[in-house]
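Good morning, and thank you for coming.

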Amino acid sequence: MKQNQHSSDFSQRVNKIFSDRYNTLVEKTDRLFGYLFIFQWILGIIFALFISPRTWSGEFSQTHIHVYAALFLGGLIASLPVFLIFTNPGATLNRMVVGVSQILFSVLLIHLTGGRIETHFHVFGSLAFLAFYRDWRVVLVGTVVTAVDHLVRGAFWPQSVYGVLAATPWRAIEHAAWVVFEDFILFYSIKLALGELRSVSESHVELEDKTKQLALERNRVKMLFDVAVVANHSKMPSDAMEQALSQICRYAGWPVGHAYIVSNDNPELLLPTQQWYLKNTESFQSFRDISEKTILKIGIGLPGRVFEQ
């Protein structure tokens, strides 16, 4: 039973440290994405301004729709996760929203660059960044958003996703397959990272226990040394007994201690002495009066049972 309780306590402490460390990691990753969304929003606007800032109709020109998309749609995509991150960092909802929004930024950037294949690498980079959360669900959310986007846009607007006027559904499936390939790698890396984090948490608890045991052993040795010093400097056995009793009670944290001695006439009897350690004299006065009149046999009472063992 005692071993099971120790094992349960050990597991609870490990889980607490693991949870604290994981929450710290999630909050740091939240802040990373908060700044990343702002940067990507600005980057999208720059892409739109440099790639297609104006649209022309004869001699007349106007601001290209891409600029508005980058400004307003990019701001809309970034606003919700940034708000959640800086108002409630570390929440589970945050990373799910981040997973969706980060891939939507990939979708926007791919569209702004006219479906360039190079911009598709933003998807793979985004999934790698999402894996910083050490939560496979976030990566899965990003994967689903990627697959749905490629299937829908590939069917109705292939030029915005692939840069061509027509594309078969197989192309979307091919892109999704490469994303799934990366997912397997990321899932495995997440599993390893979480395992390492738990191992570090267990080592932390073990180190705490060993440090505590070392401190207890050091205090025990100091107590024995102090008892030996007191005994050597005491002129009377009763003085040595009282001082030793005081040292032992302070070491053990006992509020009361009373010394018994073995009867010279009958070795099975324990005789009470007047040597006491009382942290609060008034609280134990009645107990003291009764104990000093009580002779114990071996196996009777706490002192008798201790002596019997």
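This is a predicted model: local features need pLDDT of at least 70, side-chain atom pairs count only at pLDDT 80 or more; totals for chains, interfaces and linings use all residues.

**Overall form and two details**

Of the 309 residues of this protein, 35% count as buried.

Let us begin with the whole chain. The protein contains 10 helices and five strands. Its C-alpha trace spans about 125 × 35 × 35 Å along the principal axes. The radius of gyration is 37 Å, whereas a compact globule of 309 residues would have one near 19 Å. The accessible surface comes to about 19600 Å², and carbon and sulfur atoms hold 64% of that surface.

I turn now to a pair of helices. How do H3 and H5 cross? The axes of helix H3, residues 92–112, and helix H5, residues 136–156, come within 9 Å and cross at roughly 30 degrees. The crossing of H3 past H5 is right-handed. On the H3 side, the residues that meet H5 include Gly99, Val100, Ile103 and Leu104; on the H5 side, Val141, Gly142 and Val145 are among them. The residues of this contact comprise nine nonpolar, five polar and four charged.

Gln275 lies in strand S4, residues 269–278. Is Gln275 buried or exposed? Gln275 counts as buried, because its relative accessibility is 13% and the cut-off for buried is under 20%. Beyond its neighbours within four places in sequence, Gln275 is in contact with Ser238, Met241, Glu242, Leu245, Gly257, His258 and Ala259.

Definitions and conventions: Residues are numbered from 1 along each chain as its sequence is written. Side-chain values use heavy atoms; hydrogens and water are left out. Axes are lines fitted to C-alpha atoms, for helices over the stretch in contact, and angles run from 0 to 180 degrees between N-to-C directions. Helices (H or I, at least four residues) and strands (E, at least two) are DSSP runs, numbered from the N terminus. A crossing is left-handed if the near helix is turned anticlockwise from the far one by less than a right angle, and right-handed if clockwise. Contact means heavy atoms within 4.5 Å. Ala, Val, Leu, Ile, Met, Phe, Trp, Tyr, Cys and Pro count as nonpolar, Asp, Glu, Lys and Arg as charged, and the others, Gly among them, as polar. Buried means under 20% relative accessible area, exposed over 50%, partly exposed in between (1.4 Å probe, protein chains only). The radius of gyration is taken over C-alpha atoms; the globule rule is 2.2 Å times the number of residues to the power 0.38. Accessible areas come from the Shrake-Rupley method with a 1.4 Å probe; for residues, only the protein chains shown count as cover.
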